[in-house]
There are 2 protein chains.
Amino acid sequence: MKYRFGRPFPTDAVIKQVPLSSGSPAHFSLSREGELVTLSYPLSEGDAVYGLGEQMRGMNKRGWRYESWNLDDPIHHESRTNLYGAHNFFLVFGRECFGVFVDCAGRVEFDVGFTDRNVLAVTAKDFDLYLFEGASPLEIVREFRALIGRSYIPPKWAFGFAQSRWGYKTEADIREVYENYEKAGLPLDMLFLDIDYMERFKDFTVDKTRFPDLKAFSAEMKKKNIRLVPIIDAAVKVEKGYPVYEEGKKKGYFCTDEKGKPFIAGVWPGNSVLPDVLNPEARRWFGRKYKILLDKGIEGFWNDMNEPVLFYSEAGLKEALRLASETKEIACLDDYERVSHAFFSLQNNDDDYRTFYHETENGRIVHEAVHNLYGYNMTRAAAEYFAEYAPKKRFLIFSRSSCVGMHRYGGIWTGDNSAWWSHLLLNLQQLPGLNMCGFLFAGADLGGFGGDTTEELLLRWLALGVFVPLMRNHCNGSRPQECYRFTRTDVFRNILGIRYSLLPYLYSEFVRCAFENDMLFKPLSFCYPEDRRAATVEDQLLVGDSLMIAPVYTQNAAGRYVYLPERMKLIRMKAGDRFTEQVLEKGEYYIPVALDEVVFFLRSGKVLPLAKPAKNTAELDEKNLTWVKFTETPVQFTLCRDGGTSEIGKEDFETVTVEP
Amino acid sequence: MKYRFGRPFPTDAVIKQVPLSSGSPAHFSLSREGELVTLSYPLSEGDAVYGLGEQMRGMNKRGWRYESWNLDDPIHHESRTNLYGAHNFFLVFGRECFGVFVDCAGRVEFDVGFTDRNVLAVTAKDFDLYLFEGASPLEIVREFRALIGRSYIPPKWAFGFAQSRWGYKTEADIREVYENYEKAGLPLDMLFLDIDYMERFKDFTVDKTRFPDLKAFSAEMKKKNIRLVPIIDAAVKVEKGYPVYEEGKKKGYFCTDEKGKPFIAGVWPGNSVLPDVLNPEARRWFGRKYKILLDKGIEGFWNDMNEPVLFYSEAGLKEALRLASETKEIACLDDYERVSHAFFSLQNNDDDYRTFYHETENGRIVHEAVHNLYGYNMTRAAAEYFAEYAPKKRFLIFSRSSCVGMHRYGGIWTGDNSAWWSHLLLNLQQLPGLNMCGFLFAGADLGGFGGDTTEELLLRWLALGVFVPLMRNHCNGSRPQECYRFTRTDVFRNILGIRYSLLPYLYSEFVRCAFENDMLFKPLSFCYPEDRRAATVEDQLLVGDSLMIAPVYTQNAAGRYVYLPERMKLIRMKAGDRFTEQVLEKGEYYIPVALDEVVFFLRSGKVLPLAKPAKNTAELDEKNLTWVKFTETPVQFTLCRDGGTSEIGKEDFETVTVEP
C-alpha cells in the first residue's frame, strides 16, 4: 500500500510502480503541523522495532530517536541521532507485524519510544509512505527488497582483505605496506589510496611526484593479485585551469547559490564546489570522469565526503571572521560564546544546506529538500558510467553517504568510526538493519578509524570482520594498525586466513541473498520468531543460512555469554584448517573465547564449506572444500562458482548434496 | 617502601611518615628521559591491574592508557585518557600481587598494556613512589588506605535521594520540584542549587530577585526534611566592588601570571581569577567565605569547575581574535584550520596552565606542576573551615575535581557524564577504583548529566543508584528528568523506596568501611581471589559484606547474565517491603530483570537488614528492621546507629546477632 504526503521529490528508490491508496494508512494515527506530517503508532510492551539501516544503538531501535539527515560525525556516541545514511525502512514486530518505508529525499524523524516509551512516531514532509504486511519479519523485508530492486554485487576480489590508512602518501608507502604483508605471510587483496594520492586533493588527478606512473604501478600490483582502490571525494577544488572545475563551471554542473553562482564551501581541497549529481546531465558528466582512473587499470573506488561535508561555507566563514574582528574586548561570557560559536558551528551547518540549489528534471530545488540523495547520486554517477565503460564487468564501488536506492549501484562502509569497543558492537548491530534496507555489501573500519586501537581490540574486531562482506582495516593518522604492527603477527595471519577459508560460504550466501532479497545478517528473532528470549538478544547474528556468530566485544574478556535458540555445533577455529567441534543443546552458555581463535556456531541440519586459507582470492582453491556438517540426513548447499568479475547467471550456481 | 624521584611537591596525600628506601623499587625496571622517569613492569598473561580511581574503561585497567591530569570532559567516551580526578594508586594481581602509589602533584601517565599488551609503564617526574606488598588485593588496599587516612563520612541525610538540575533558577523552581516530589509520593532528602542561584555566578552571593530570603527558605525546607545544597565554583568573578574579588586581590590571594598580576581566565562569571588554594593563608580565607551560606542554614555544598576549568585565558582569547581579524581571505584550508583551531583549542589549554603561579609554603610554583592538587585544596579549604565553624558537626561536601588526600575532606561525584548506557556501566566500574583510592562517598549523575535520558535508562540507572552512597539525579538543560516526568511514577516511587529500605545496611557498611579502610564496592576477584572466572567479571560488584549486585545496563534488555561465584540467594524487589527470594547454586545464569524491580544477591552466611520505605532519612524507622537471611547459623551484623550529624564513636555501633 502506498500513500502520498505533500509533493515528494522522486528518489528512484523503488523500481516498481505502486498505485496510490486512498484513505489513511493502517496502524497509524495522523497529525499535521504546517507541512510536517506525524504518523503515530502505539507500541505494546513486547513490540520490537527493526531497521533504519546504519543508525546508532541496538538492533531493536526502540528506546531512542533517530533522524535521517546524512552527516559525518566521526566520533559518534550514544547521543547521535543521525549518521551517514538515510535508510528509512523499519518494521514493527510484536502484537502486530508490519513494515514501513518512508520514501523521502529530505529529513525524516523517528521517535521510537523515546519521548513516550509506548509511542512510535514518524515525522516528515513531502514523502511517499509504503506499508508492508506479512506473516513474519523476513517476509516483510523480502516484500520491501523486491520493491527496491536487487542489491549491488561487487567483484569477488572485493571480499578479500583490505588494508587502508589515511596517511599512505606515495607509491613507496603503499609498496612498503604490501611488502610487510607479504613478508609476514598475511593475506591481502586490496590496498586503498586515501586523499593524498591526488594532486592537492583534486578529484581525478594523480600527484605525479607521489605516484609517477599509477597505471604501471596498478598493473604491477594486480600481477601480485592486489587491487589499488582510490578514493573520490564529492567536492571539486576551485582552481583556475583545473579541467574538472573549468568544465563543470562552464556547463553549469555545480550546485549554485541563490544568485545562480557556484556555491563555494571549504572541504579538503580548500574552497570547492559541489557537482550537481541530481542534474542527470551533470551526473553523467561526473561519472565519465572516473574514466581517467579506469584507464589506469583501476577497478574499484570509494566515494567519500558525499553527505556532502562542508567544513564551512564561504559566506559562513566570512561572517565568523567579521564577528571576530569586530570583537576587540571580551566584556562577558556571552561575547566569547558568540564568537567561538560562530566558528564551532561552521561545519555541516543546517543553514548552509538551505543556501544552495540543484537543477533537476523536476526543476530547481533547494539542497535541504533533497539532502539525503547526494551521496546516492554521486555513487550512481560512477556506477552508471562503469556500465557504459565495460558493460558486463563488475567494479568495486562503495560510498560513505547513502540512501535507499543506492543499494543497487554500490555498497557502503559505515563511515568514520572510532577505535572503541562500543563501535565493534555497533558494527554488528548495524548489519541487519543495513541488509533490511538493501545494503548487503557493507562493513565498518576494522580496528576503528579514529583514535588509537589496541592489539586486543583489533583482534576481536577482526574475529567479527571475517564474516563481514567488506573486510577493511582502515584508520586515520593515529596509531598505525596494519596487521604486522603488534606482538602476535601469527594470530593475525591465522585470523585473516580464516576469512579466506570462509569465502566459498560467504560469497555464495551473499550472492544468494542478493538474488533472493534475503538478509545475510539476521537478528535471532527473524529465524526464531516464537522464541521470546531470542528476541532480546542484541549481540549475536545469524550469518547466511548455516551460521550463528557471537563475537567478543569487551576488553579483557576471556569469553562471553551466548544464547543458543536451538541445538548447534560450536566451531572453535585457530586457523581455517584447524578447528574443533562441540555439540551444544539449546540454552544459555558462557563460552570461553581466546584472543587467538574465532568461535561460531553451525545450525542444526546445516553444513559449511571451508576452503584452505589462501594468500588472496585469486589463489583460493575453491575446488577442494572441506564440509563441516551438523546433520543426520543429506543436505543441499548452493555454491556460487562464477568467475567473480562479470554478470552472474544461473549457470554459475551449483547445488551440492552433502552427505552426513 | 618509599622511593623518591626528583623533587616532589608535598601533596599531603599520606598521613604517616615513611622513611625513604635506598636502591631501586622492586618489580620495576627504570628508565629516564630528561626529568621524566618511567617504571616498567612485564605483565603476564593472566595479570589484572585494578585501581586508578575514576578512570575510564573497565575495573581491570589493562588494555588502555591513562593520564592523571584533572580535566572536565562532559562527553567522555572510550578514547578519553583522563577525567576529573588524579587517583594514582593501582595494584597488580596475577603472577605477583603488589600495590603502587605515585604521590605526585603533576601529570602522571599509566600505559597499562596499551603500547605493548605485556608491558605496564608509569611515567612522571617529581614524585614519591610507595610500594605495597600483601597476600591479597584487599590486604594491599588496606595498607594503602591506612597510609592515606580515614575517608570522609558525610551526614546521614546525604545518603538520601537528591534531585538536581542545571536550570532551576529561582525559589519557585525549587519549590515546584519539591511539590511535585511530594505530590507524587516520591522520597527526597536534598535539592541542589546549581550556578543560577548566585548573583551573576559570583561565589558566596545569592541573587536576591531569585532567592529573596535563602535563610528563611532553607529553614522552611529543612522543616520538611529537605536540605538545599548550593554549588560553589572555583573561579571568582573580576568585578569592581565585589568583596570576594576585592579582598582577595588586595591580599594577593589569587593565582598570578608571570608578571605577578592576577591571572585572568573566562569561566561562568566571564573574566575571573583563581583563588590560590595552595597558599595556606589564601585557602583559609577562601574557606571562611562558606560562612556566608552556612549562616543561612546551609549544611551541604558541592565544589565545581575546580580542575580548574578555563574556557579561555585572557591572553589566549586575545590571540585568537587577533588571528581572526588578520585573516581577511581564506586562500586554502590551512588558513581556516589555523583560525578555527585557535578557537577550538582555547578551553583547558595545556599551555595556559603553564602561565600562572601559586605562592606556596614551598615557594612560588607554576600551576602545571601542581595542577592535580587544585580541586583537592579548594575542598580542603571548605572542610577545614567547617571544622572551625561547628567543630563536631558533619557537613556535606563533595567535589568534581579531586586527588588522593582529598578523600579525608570530602566526597566526589564523577563529574559531567552523559545520558548513555555506557556511562551507567562506567558508573559501576568506577566505584571499586574510587574506593581503593579512599573515595567512599561518591556517585555519578543518575540518568546522565548531558544529553537526553529516557525513562528506561533512568530506571535502570536508579536500580544501580539505590546502592551508591551519593544518589543524585542531575542533568543539564536537556530533557527534564525528575522522577515524576515519565509514564511510570509508581515504579520510580518503589525504586526510590528501596533505597531507603536499604539505608540501614548501606550506611552501616559505609561507616564500617571508612573506619576499617575497607572498600564498600569490590570487584568479585577481591573476595574470590582463587576463582579465575570471577576475575573476568566486569559488570558485577560486591556491595558491603553481604550483597552482590548485577544491574542491567543495556537498552531493551529483559534481563542479563550473572555469574555466581558461590551459592547465593537472589532477592527480587518490587518495593522495599515487597520481595521474593530464591536460592541459586554457584554458576552462570541468565536472570530476567523487569524494569519495575531491583534484583540483587545475598551471599552465603550473610544477612541484610531492611527498613520500611520512607519519605526521607529523618522519617526512616531504623528500629523495626526486617532481616533477610541466608544462613543456617546465627550471624552477627554491626549496625551504625549514630544520630547522623556529628562525630561517630564506638558507642554508635551495635552488633546484632541474627538467628537463622
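Predicted model: local features only at pLDDT ≥ 70, side-chain atom pairs only at ≥ 80, totals over all residues.
Residues are numbered from 1 along each chain as its sequence is written, chains are lettered from A and ligands numbered from 1 in the order in which they are written, and side-chain values use heavy atoms, without hydrogens and water.

**Exercise 1.** State how the planes of the rings of A:Trp627 and A:Phe637 are arranged.

Solution. Rings of Phe, Tyr and Trp (its six-membered ring) pair if their centres lie within 6.5 Å; planes under 30 degrees apart count as stacked, over 60 as edge-to-face and the rest as tilted. The centres of A:Trp627 and A:Phe637 are 5.8 Å apart and the planes stand at 70°, so this pair is edge-to-face.

**Exercise 2.** Classify the pair B:Phe211 and B:Phe217, and say whether these residues are buried or exposed.

Solution. The centres lie 6.3 Å apart with the planes at 45°, so the pair is tilted. Buried means under 20% relative accessible area, exposed over 50%, partly exposed in between (1.4 Å probe, protein chains only). Both B:Phe211 and B:Phe217 are buried.

**Exercise 3.** Find which charged end sits over the ring of B:Trp413.

Solution. A charge sits over a ring if NZ of Lys or CZ of Arg is within 6 Å of the ring centre and within 35 degrees of the ring normal. Over B:Trp413 it is the end of B:Arg472, 5.2 Å from the centre. Likewise, B:Arg107 lies over the face of B:Trp69, 4.1 Å from the ring centre.
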